[in-house]
Amino acid sequence: MRLLTHNMLSSNIRGVVNGFPLGIEAEKVVEREVELSAEFLRGVFPKIEWGALVAGARALGHPDLLPGEADASMLASDDFLRRFHRALLQLHVEEGALVCPETGRRFPINKGIPNMLLHEDEV
Amino acid sequence: MKLKHLEGLLGDLQQFSNPKVELEQYPTGPHIASRMIYTAENSFDDISGKVVADFGCGCGTLGVASSLLGAEHVVGIDIDPQSLEIASQNAEDLEVGINFIWSDIKNLKLRGPLVDTVVMNPPFGTRKKGSDMEFLCMALKVASRAVYSLHKTTTRERTALRDYGAKSAEVLCELRFDVPQLYKFHKKKEVDVAVDLWRFVP
C-alpha cells in the first residue's frame with residue numbers, strides 16, 4: 001500500500017466525525033522504484049493532504065524525507081520532486097495496520113492489502 | 001500499446017477458481033476489458049497518467065488493463081479475499097503495481113478528489129437487488145473525471161432515466177459479454193449477454 005492510497009482512505013466507522021488521516025503501524029516496508037513523472041506530481045500535489053503524507057513518511061521510517069510544509073512553488077525543484085515521488089509512490093507498507101484516529105480500531109494490512117471491512121456494529 | 005497486444009496480455013490472466021454466485025462473480029473477459037480501457041484512454045484520455053480505481057475488481061482485469069495503458073496509480077477494491085489473492089498474483093505476473101483494498105463498496109470512504117477515473121464491471125443486481133445502483137452512486141461520488149461501467153443492454157432505458165446526479169451519461173458502445181458456464185444454474189455451455197459500456201461524468 002502506497003502513501004498515495006493512504007492519502008485517500010478514511011475511517012468510516014459509525015459515529016466517527018473525522019476518520020482522516022488513519023494512523024499507520026508499519027511492520028514491513030519495502031521500496032520499489034518507479035519512473036518519476038513530474039507532470040503527474042505537479043497535477044496531484046494540490047489534491048494531497050500534505051500533513052497526512054508527512055506523517056505517513058515518518059511512520060514508514062523516513063522522518064526526514066519531506067518538509068513539514070509544502071507549497072506549489074517547491075514543485076520547481078528537482079530535489080523536492082524526487083522526495084515527493086519517493087514518499088507518494090515508491091514506499092509500500094506490506095505488513096502492519098491502519099488505525100482509526102478516533103476509536104483506535106486497527107485495520108490490518110497483509111501482503112500490502114488493508115482490510116477495511118467494517119464489523120456489523122460499526123456500520 | 002496496440003489493442004490486440006493488450007487483449008493478448010489480458011487473456012493470460014488467472015480468473016475465479018471458485019466463483020461465488022451471491023457476489024455475481026463473472027470474469028471480465030479480455031475482449032471486453034481491452035476495448036473498455038482502450039476506449040477510455042484513446043477517446044477520452046482518462047487512463048494514462050491518471051489515478052484509476054477499479055470498483056469490485058474481482059481478479060483485477062480492468063485494473064491491470066489500466067496499468068498497462070499507463071495509469072499512474074491503480075487501486076482495486078473487492079469484498080472477496082480469494083479474488084484479491086488472484087488479483088495480486090495477476091498484477092505480479094504482469095509486473096504492474098496495483099494497490100488492492102479489501103472492502104465492500106458501500107462502506108468504503110475514499111477521499112475525493114484523488115481519484116480521476118473509476119472503471120468497473122459491477123454486479124448487475126440479479127442476486128442482491130440494487131447492487132448495480134449502489135456501485136454507480138459510489139463511483140460518481142469518488143471519481144473526478146469519469147466513470148466507465150458495464151450494464152446489461154436490457155436495462156438501458158432504466159439506467160438512462162435514473163438520476164445519479166451525473167453531469168452526463170452516455171452509452172459508448174454495445175459489447176458482447178460471453179458468460180461461460182460457471183454456475184450450476186447455467187444450462188448452456190456459453191451465452192452471449194449484450195452489455196452497454198457507459199461513460200458517466202460526475
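In this predicted model, helix H1 (residues 3-11) and helix H3 (residues 61-68) of chain B pack at an angle of about 140°, and their axes lie 11 Å apart. Two packed helices are described by just these quantities, the angle between their axes and the distance between the axes. Here an axis is a line fitted to C-alpha atoms, for helices over the stretch in contact, and angles run from 0 to 180 degrees between N-to-C directions. H1(B) and H3(B) are therefore oblique to each other; angles under 35 degrees count as roughly parallel, over 145 as roughly antiparallel, 65 to 115 as roughly perpendicular, and the rest as oblique. The crossing of H1(B) past H3(B) is right-handed, a term used if the near helix is turned clockwise from the far one by less than a right angle, with anticlockwise giving left-handed. On the H1(B) side the contact (heavy atoms within 4.5 Å) involves B:Leu6, B:Leu9 and B:Leu10, and on the H3(B) side B:Thr61, B:Val64, B:Ala65 and B:Leu68. Sorted by type, six of these residues are nonpolar, one is polar and none is charged. In this sorting, Ala, Val, Leu, Ile, Met, Phe, Trp, Tyr, Cys and Pro are nonpolar, Asp, Glu, Lys and Arg are charged, and the others, Gly among them, are polar.

Residues are numbered from 1 along each chain as its sequence is written, with chains lettered from A and ligands numbered from 1 in the order in which they are written. Local features need pLDDT of at least 70, side-chain atom pairs count only at pLDDT 80 or more, totals for chains, interfaces and linings use all residues, and side-chain values use heavy atoms, leaving out hydrogens and water. Helices (H or I, at least four residues) and strands (E, at least two) are DSSP runs, numbered from the N terminus.

Chain B also has two residues other than glycine with a positive phi to look at. For B:Glu24, in the loop between H1 and helix H2 (30-42), phi is near 55°. B:Glu24 counts as buried because its relative accessibility is 10%; buried means under 20% relative accessible area, exposed over 50%, and partly exposed in between (1.4 Å probe, protein chains only). For B:Asp45, in the loop between H2 and strand E1 (51-55), phi is near 60°, and a relative accessibility of 40% makes this residue partly exposed.

Further along chain B, B:Ser168 belongs to strand E7 (residues 168-180) and is partly exposed, at 33% relative accessibility. Leaving aside residues up to four places away in sequence, B:Ser168 touches B:Arg199, B:Phe200 and B:Val201. The C-alpha atoms of B:Ser168 and B:Phe200 are 5.6 Å apart, although 32 residues separate the two in sequence.

In chain A, helix H3 (residues 50-59) has the buried residues A:Trp50, A:Ala52, A:Leu53, A:Val54, A:Gly56 and A:Ala57. They pack against helix H1 (3-6), strand E2 (23-31) and helix H4 (78-90) of chain A. Just after H3(A), A:Gly61 takes a positive phi of about 95°.

A:His6 lies in helix H1 of chain A and is buried, with a relative accessible area of 2%. Among the residues that A:His6 touches, not counting those up to four places away in sequence, are A:Ala52, A:Phe20 and A:Pro21. A:Phe20 and A:Pro21 are joined by a cis peptide bond, with omega about -5°. A:Pro21 sits in the loop between strand E1 (9-10) and E2 of chain A.
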